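Dear colleague,

Please find the structure we discussed handed over below. I would be grateful if you could read the notes that follow alongside it.

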Amino acid sequence: MTDATLGRWIVGCAVAASVLLLASCTSDAGDGKPARTPSKPAASSSRAADGSTDKGLTGRAQAALAAVQSGRMVESGVERLADGIHTEPGLQAGKSYELKLVCAGHGTARLRFRPTGDRASAEVPCDQSVVAERISGDKRTHIDVDAVQGATGVVAWEVDSV
């Protein structure tokens, strides 16, 4: 085979492969008939029940936290509400800290501490309001934030020394 013949053969194979791929993408169940509706590519970020993207909700939650910045930040993060927050921040004994949470989206998040001590779980509305809770560094504290049934969105949080 000459170089020209080989080149035409490769181009022909590429065209044939493209036709086969396009035909398989427009078929419903392999029946040879066109699909009723073409498939749509997945969005780059998931949508919350209110139609907002995770990226937009993250920005709103972080802006709400930045508006109430106080003290020196020790630890922070942003998580999808479906994933929750599960952390045990490294706090120094004898120091006081403040945990700030903001949930942006739809529904309610539940904040819990372990060990519970004298703290009950708290409900955090996903309306971008900041909820603050004092933490003592005297004992190891595990922080959990999970979605209440049907809640969607993101949770931004920050632990500051006070």
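The notes below set out what was found, from the whole chain down to single residues.

This is a predicted model, in which local features need pLDDT of at least 70 and side-chain atom pairs count only at pLDDT 80 or more, while totals for chains, interfaces and linings use all residues. Residues are numbered from 1 along each chain as its sequence is written, and side-chain values use heavy atoms, with hydrogens and water left out.

Overall architecture. The chain contains two helices and six strands, where helices (H or I, at least four residues) and strands (E, at least two) are DSSP runs numbered from the N terminus. Their order from the N terminus is α-α-β-β-β-β-β-β. Of the 162 residues, 28% are buried, that is, under 20% relative accessible area with a 1.4 Å probe and protein chains only, with over 50% called exposed and partly exposed in between. The chain exposes about 10,100 Å², and carbon and sulfur atoms supply 55% of this area, computed by the Shrake-Rupley method with a 1.4 Å probe. Among contacts (heavy atoms within 4.5 Å) with a separation of 6 or more, 75% are between residues 24 or more positions apart.

Strand β6. This strand covers residues 152-161, and because nine of its ten residues are buried, it is largely enclosed by the rest of the structure. Strand β1 (residues 72-80) pairs with β6 in the antiparallel sense over eight bridges, pairing being assigned if DSSP finds at least two bridges between two strands. Here Ser-76 stands opposite Glu-158. Strand β3 (residues 96-114) also pairs with β6 in the antiparallel sense, over ten bridges, and Glu-98 has Asp-160 of β6 as its bridge partner.

The disulfide. The structure holds one disulfide, defined as a pair of cysteine sulfur atoms within 2.5 Å. It joins Cys-103 to Cys-126, with an S to S distance of 2.0 Å. The link connects distant parts of the chain, from Cys-103 in strand β3 to Cys-126 in strand β4 (residues 122-136), 23 residues apart. The angle about the S-S bond is 70°, and the link is right-handed. Both Cys-103 and Cys-126 are buried.

Thr-87. This residue lies in strand β2 (residues 85-87) and counts as buried because its relative accessibility is 13%. Its side chain makes a polar contact of 2.8 Å with that of Glu-75; such a contact is a pair of N or O atoms within 3.5 Å, where within protein one must be able to donate a hydrogen and the other to accept it, and residues adjacent in sequence count only if both atoms are side-chain atoms. Beyond its neighbours within four places in sequence, Thr-87 is in contact with Glu-75, Thr-141, His-142, Ile-143 and Trp-157.

Yours sincerely
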